[in-house]
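Let's take a walk through this model together.

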Amino acid sequence: MSKRQWIWLIVAVAVFALAGVASVAVNTWQQRSVAEMYGSMDSLFGGAYAIEEDFLFPDEPFIAKLDIEGTILSGGGVTDYMSEGFNLDYILDYIDRLAACENNAGILLFIDSGGGEVKASDEVYLKLMDYKRETGRPIYAYFDSTACSGAYYIAMAADNIWANRNCICVNIGVYVSTYNLSGLFEKYGVEEVLIKSSENKAIGSIGQEWTEEQLAIYQSIVDLWYDQFVEIVAEGRGMTAEQVKALDDGREMLAAQALQAGFIDGICRYSEYESYLLENTGLLLYEEEPAEMDMFTQLLRNIYGKLEALTPRSEAEILRDLMHENNGIVVMAYAG
């Protein structure tokens, strides 16, 4: 190796070491900040809030606002309060805590999502239906800018759905996403070796082309997922499966079109919907607030992000990451 290459190697090692230290420091500081936040709020409100383990709830009847935002995906730690976007584990656990809270009188789903994984969408939908069955409490839904596919799937647990007039929504359907990188493999001299127990084992492996039989197998699976989606919409909106299919063939709709088709119940601004809930229920609308990130934690996150961006990546590393992220079949109920 040349002297210049040795210098770059030493710099890279130092960068990765510093990034690791920063990551540990950020996580430790976040956990400490969350604990301090809940302790200080309990003292500040003088017992006006009741703590359900990690969740802080009002000591009077309330409707809980639950955000369904970003791409709907599996994963995410229950204690990751500061994460942005969709966090499946946190949402499922939060619904359980609401069900156990005697002061909770309902849930408002604030939805701004283009959809996501079928599995994750179904888990949230089923958890919300469990909540309704066990508590008898209502669920409301408001669509902000987007409420498509998997996000609309989740909304079928709601008794009442209103939307912003500019919202793009509905988009009933499912698709399978994978890659055929055999041409890219050939370009870089990569060969995927599969030792299979049967002809149709390892369907969707990114180094292999799909056969007609394999396409037909997954088309049948997608059809079953679609039928499940349609049945859930039919039940949620008081329609038949035939009516749902006739009204939406996977297309997206503007709120006015969705209202005309019967897929939502009304159109208004969010502030107006809050007023509507207050007038009709007389209950407090409560939203769980994440702990604010202090300046030191923000600084560490910024440093960590910049260090990652400065690390050079070779074509081989990019190809490796692409293989790792996309090897296999991803089932999506997503806009598009």
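The paragraphs below go from the whole chain to some of its helices and ring pairs.

A word on the ground rules comes before the tour. This is a predicted model, so local features need pLDDT of at least 70 and side-chain atom pairs count only at pLDDT 80 or more, while totals for chains, interfaces and linings use all residues. Residues are numbered from 1 along each chain as its sequence is written, and side-chain values use heavy atoms, with hydrogens and water left out.

Let's begin with the chain as a whole. It has 11 helices and 13 strands; these are DSSP runs numbered from the N terminus, with helices being H or I of at least four residues and strands E of at least two. Of the 336 residues, 37% are buried, where buried means under 20% relative accessible area, exposed over 50% and partly exposed in between, with a 1.4 Å probe and protein chains only. Take contacts (heavy atoms within 4.5 Å) between residues at least 6 apart in sequence: 74% of them join residues at least 24 apart. The accessible surface is about 18600 Å², and carbon and sulfur atoms account for 53% of that; the areas come from the Shrake-Rupley method with a 1.4 Å probe, and for residues only the protein chains shown count as cover.

Now find helix H9, residues 270–281. Its 12 residues reach 16 Å from first C-alpha to last, close to the 16 Å expected at 1.5 Å a residue; the expected span is 1.5 Å times one less than the number of residues. Which residues of H9 are buried? They are Tyr 270, Tyr 273 and Leu 277. These residues cover an arc of only 55° around the axis, which puts them on the same side of H9; the arc is that of the directions from the helix axis to the C-beta atoms. Their cover includes strands S3 (62–69), S4 (104–113), S6 (139–148), S7 (160–163) and S12 (284–287). After H9 comes Gly 282, with a positive phi near 70°.

Tyr 270 and Tyr 273 belong to a cluster linked by ring pairs, along with Phe 110, Tyr 142, Trp 162 and Tyr 276. Rings of Phe, Tyr and Trp (its six-membered ring) pair if their centres lie within 6.5 Å; planes under 30 degrees apart count as stacked, over 60 as edge-to-face and the rest as tilted. Over the ring of Phe 110 sits the charged end of Lys 65, 4.5 Å from the ring centre; the test is NZ of Lys or CZ of Arg within 6 Å of the centre and within 35 degrees of the ring normal.

The whole structure holds 17 aromatic pairs. In one of them, the rings of Phe 57 and Tyr 286 have centres 6.3 Å apart and planes at 80°, so the pair is edge-to-face. Phe 57 lies in strand S2 (residues 55–58) and Tyr 286 in strand S12, so the pair ties together parts that are 229 residues apart in sequence. Phe 57 is buried at 0% relative accessible area, and Tyr 286 is buried at 9%.

Finally, look at helix H6, residues 212–237. Its 26 residues should span 38 Å, and the end C-alpha atoms are 37 Å apart, which agrees. Its buried residues include Tyr 218, Phe 229 and Arg 237. Gly 238 follows H6, with a positive phi near 65°.
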